[in-house]
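Please keep the sequence and the model in view while reading.

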Amino acid sequence: MIRLEHVDKRYGNGHMALSGVDLVIRRGEFVFIVGPSGSGKSSLIRLLYREELPTTGDVYIDQFHLTRMRRSQVPRLRRQLGVVFQDVKLLPQRSVAQNVAFAMEVVGASSRDIAKRVPAVLELVGLARRRESFPHQLSGGEQQRLGIARALVNNPVYLIADEPTGNLDPDTAGEIMRLFLEINRRGATVIMATHARDLVNQVQRRVVAIEQGRIVRDELKGAYGHEA
Ligand SMILES: Nc1ncnc2c1ncn2[C@@H]1O[C@H](COP(=O)(O)OP(=O)(O)O)[C@@H](O)[C@H]1O
Ligand SMILES: [Mg+2]
């Protein structure tokens with residue numbers, strides 16, 4: 001379970017990016033974070049993988065108390081999380097399969113586990129036939145699939161995505177959304193910050209809307225709403 005309690009986030013320049021945020025996300029949920037540009041979506045997402053700490057308030061993820069934990073424990077937290085960004089940062093000199101394998105190598109997985117797991121994840125994201133290709137040979141949608149494969153390969157409990165379809169055309173964005181739904185169906189908790197109004201309205205999942213750093217709406221089976 002993810003729990004934010006009375007979270008404020010103020011940046012060094014004094015800008016208040018989040019104010020009084022209380023939020024609970026249970027395992028297995030699919031949650032959209034929506035709101036206008038500058039409303040605080042990315043700030044909220046960065047708190048979840050402890051890229052940032054709140055100015056005040058607490059963040060908990062399962063047994064981890066993010067606002068109290070030692071730096072040395074952060075890798076253990078991050079092993080529970082897969083993170084996907086709008087701009088996929090891939091290793092240009094490595095093949096599709098090697099990009100995914102690398103995410104397992106850095107956490108010390110055995111070559112036997114890597115050999116078994118990488119093809120399964122590439123199959124799930126629809127890149128099995130591109131395994132020997134290099135990132136520059138992939139379309140934008142395929143690059144994002146590879147980013148998702150990399151985020152998934154260590155079996156995270158939580159998949160956290162910040163505008164993952166932001167650079168994609170509507171059809172490709174729809175395919176990526178279906179992939180996130182399938183990943184959620186297989187058990188991962190998905191938290192996605194997005195601007196993609198049509199996609200949010202189509203799939204009828206929980207919608208948490210933010211405006212000027214405050215949660216203004218939290219609906220199960222929600223729609224994007226009036227927040228631009
Ligand atoms: N690192 C930062 N330093 C200072 N201000 C920031 C920083 N990151 C974001 N902000 C400000 O905080 C507000 C929320 O930004 P952000 O969380 O990126 O919103 P969103 O993802 O919804 O567009 C914006 O006004 C933005 O300018
Ligand atoms: Mg953002």
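Helices (H or I, at least four residues) and strands (E, at least two) are DSSP runs, numbered from the N terminus. The expected span of a helix is 1.5 Å times one less than its number of residues. This is a predicted model, in which local features need pLDDT of at least 70 and side-chain atom pairs count only at pLDDT 80 or more, while totals for chains, interfaces and linings use all residues. Residues are numbered from 1 along each chain as its sequence is written, chains are lettered from A and ligands numbered from 1 in the order in which they are written, and side-chain values use heavy atoms, with hydrogens and water left out.

Helix α4 covers residues 111-124. Its 14 residues, at 1.5 Å a residue, should span 20 Å, and this agrees with the 20 Å between its end C-alpha atoms. Ile114, Val118, Val121 and Leu122 of α4 are buried, where buried means under 20% relative accessible area, exposed means over 50%, and partly exposed lies in between (1.4 Å probe, protein chains only). The cover over these buried residues includes α3 (96-105) and α5 (140-152), contact being heavy atoms within 4.5 Å. After α4 comes glycine 126, with a positive phi near 80°.

Helix α5 can be examined in the same way. The buried residues of α5 include Leu146, Ile148 and Leu152. Packing against the buried residues of α5 are β6 (81-85), α3, α4, β7 (158-162) and α6 (170-185).

The next subject is the ligand. What surrounds ligand 1? There are 13 residues around ligand 1, and His15, Gly38, Lys41, Ser42 and Ser43 come nearest; a residue is near a molecule or strand if one of its heavy atoms lies within 4 Å of it. Helix α1 (residues 41-48) gives the largest share of this shell, four residues. An oxygen atom of ligand 1 lies 2.8 Å from a polar side-chain atom of lysine 41, and an oxygen atom of the ligand is 2.6 Å from an N or O atom in the side chain of serine 43. For arginine 46, a polar side-chain atom lies 3.3 Å from a nitrogen atom of ligand 1. A polar contact is a pair of N or O atoms within 3.5 Å; within protein, one must be able to donate a hydrogen and the other to accept it, and residues adjacent in sequence count only if both atoms are side-chain atoms.

Arginine 46 lies in helix α1 and counts as partly exposed because its relative accessibility is 24%. Leaving aside residues up to four places away in sequence, arginine 46 touches Tyr11, Glu51 and Glu52.

Serine 39 is placed in the loop between β3 (30-34) and α1. Is serine 39 buried or exposed? With 2% relative accessibility, serine 39 counts as buried. A polar atom of its side chain lies 2.6 Å from the backbone oxygen of proline 36.

Two further residues concern the backbone. Most residues other than glycine have a negative phi. Glutamine 204, in the loop between α7 (197-203) and β9 (206-211), has a positive phi near 55°. Lysine 221, in the segment after β10 (214-219), has a positive phi near 50°. Glutamine 204 is partly exposed, at 41% relative accessible area, and lysine 221 is exposed, at 65%.
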